[in-house]
Amino acid sequence: MKVQRWTRTSRIFTAATAVVALLLAAVPEVFSSDVVQKLTTLLILILLAAMWNALAGYGGLLSVGQQAFIGIGAYATIYFADLGVPPYLAMLVAVLLAGVISVPISLFALRLRAAQFAIGMWVTAEAASIIVRQDQNLGAGTGIALSQLFKIDPIFRQAYTYWLALAFTVIFLGLLFYLLRSPLGASLQAIRDDEDAARSLGVNVTARKRLLFVLAGFGCSAAGVLVAANTLFIEPGSVFSVQWSAYMIFMVLVGGLGTFEGPIVGAILLFAIQTTFTQGGPWYLVGLGATAAFFALVLPRGLWGAAEERLGWRLLPVGYWVVGAGNKETTRP
Amino acid sequence: MSYANAVLQGVFLGAFYAVLACGLSLMFGVMRIINLAHGDIAVLGAYVTFAIVDRTGASPFVAFLAALPVMIALGYVLQLTILERALRSGLLVPLLATFGLSIVIQNLLLLVFSPDVRALGASTGGLNTASLSLFSGGITIPALGVTLLAVALVVFGALHLFLSRTRAGWRMRATAEDPDAAELIGIDSRAVYAWATAIAVGIAALGGLFLAIRSVFDPVSGPVQLIFAFEAVVIGGMGSLWGTLLGGIALGVAQTLGAQVNPEYAVLAGHVLFLAVLTVRFGRVQLLPARVRR
């Protein structure tokens, strides 16, 4: 009997993931800027899903207010660009600023559990939205354009934004992957499985949750910056919209809550649905809400979680498995 | 005088929030779950009433009496189908499932009733505009505000009497304290939960009726009502029924005082009060939520 982390499939798949990331970097060289913009949207969805899953899937923190960071990130980009900072530098500064705001928010938010946390975050996002609406320089309630980007040739602009999205996605998913595999990762997965038990074993639950909360704060801020760069025009009603939370919940629940690969699957699925039903509309959202509720009730570990259990796939290994000792591979750690 | 008037208007507004929040508070007290579709259910109640008024030309209050049994039945079924299953699956699933339900209700309302803004105030025979002026206009007492305060007192009083004086109420409190022990002495906790949700949905529909009378509503009005209701519950102390009435009034007063400073700060002032209460009340790390207090 031995404890194993890598399997042959997971080695191949992890290497393949790295190759795919490299190939994705070449997309703007090959495809039209329309495709590039669509793929940027997909990367934003993947980033958001992974960050929401870091919170809910590993920290047990169900946030209905991550749009606070999306909005702050998007508006911080406009703010710094208007100050005269070159636009792409402004984006990086905006991620840092908006991400850092997650630290003070975590001081009060992490004292809350379940519904208090969920709605506490929602109210935080609403409050941020109201404050932005008061500022005439940020376009108040009617929105504002990231006009500095208009000066850049659209083809280059789309490519730069795409590369930034790819970089952010790789960095934040890489960080999460690294975090889950580090010694800290075992305690994070223990919190996911049973918070009180983890605490009684001496895990500093609040410190671990803060780490996830701040990571998700930075990640969602990065997504917000990308939304501003990808759409070139933002308004408080859309960037601070609770619809973002609905999308995140859908992607993670359908893909697989508490699995590393699941949210990526969920993001690709949502992207496919969005591109098929381009006009959106109420029926599409009825389906989205009903599917999310169905998965929460019936398949809580989502498509990926179910597939993993049935087929024993280990593609991106973040856990340990006991092999030998009679049963081939036992449950997740 | 204008600040005194603002506080008074806040009390009336708060009575409305308390009615909206009452069902949310009851469900949390009995089942320890927060129904994120609560606001949308209130708006659904408003639409059902609106549809009856629209077809028959009846008074909104008469129409509401017809809508109420429909909503109560809906609550009963909601518990037996979705919430019961969600309750068994831990802390997060009820939130996720009801959030999904909230999106479904909003968009079904959009499909059936269109995104147009509706109101019922005009069909109340002037109740929504009548008011009494005192101190040469320094203080106004709106008829609708007085009605709301009376309705809130009746709703909370009736629920209090139900929980403290009737056998069904005792069963509900026993189940809230300890569902397993309640089962042991022969209480059917499934039925108790279903009735708790049915009552909560009925009261939410009443909140929806007054939303429709005092202002306008549309299919996506629900989430804001949920936020206000939840703020009232938290400010008053989760699990405390009378606390919710006081919490609603505190929220209403905060909003009208905020509006007194700058009309755009009304909602923000309520949010700030809510976040402050959350920070202070949960300043200590708690392992378990506070038990039911009545």
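**Overall make-up of chain B**

How many helices and strands are there in chain B? Chain B has 11 helices and 2 strands, where helices (H or I, at least four residues) and strands (E, at least two) are DSSP runs numbered from the N terminus. From the N terminus on, the order of the elements is α-α-α-α-β-β-α-α-α-α-α-α-α.

This is a predicted model, in which local features need pLDDT of at least 70 and side-chain atom pairs count only at pLDDT 80 or more, while totals for chains, interfaces and linings use all residues. Residues are numbered from 1 along each chain as its sequence is written, and chains are lettered from A and ligands numbered from 1 in the order in which they are written.

**Confidence**

The model scores ipTM 0.86 and pTM 0.88. The pLDDT, the predictor's confidence in each residue from 0 to 100, averages 89 in chain B, and 95% of the residues score at least 70. Among the elements of chain B, helix 2 (residues 38–56) has the highest mean pLDDT (95) and strand 1 (residues 131–134) the lowest (77).

Over residues 284–294 of chain B the pLDDT is below 50. Where pLDDT is low, the predicted coordinates should not be read in detail.

Buried residues make up 52% of the 294 residues in chain B; a residue is buried if 20 or more other C-beta atoms, placed from the backbone, lie within 10 Å of its own, exposed if 12 or fewer, and partly exposed in between.

In helix 5 of chain B, the buried residues include L144(B), L148(B), F156(B) and L163(B). Their cover includes helix 1 (2–31), helix 8 (189–214) and helix 10 (241–261) of chain B.

**The contact with chain A**

In chain B, 36 residues are in contact with 36 residues of chain A; two residues are in contact if their C-beta atoms, placed from the backbone, lie within 7 Å. Helices 3, 4, 9 and 11 of chain B each supply at least two residues of the side that touches chain A. The largest share, 14 residues, comes from helix 4 of chain B.

Within helix 4 of chain B lies L96(B). Why does L96(B) count as buried? L96(B) counts as buried because it has 25 C-beta neighbours inside 10 Å. Leaving out residues up to four places away in sequence, L96(B) touches L62(A), I249(A), L253(A), A292(A) and A296(A).
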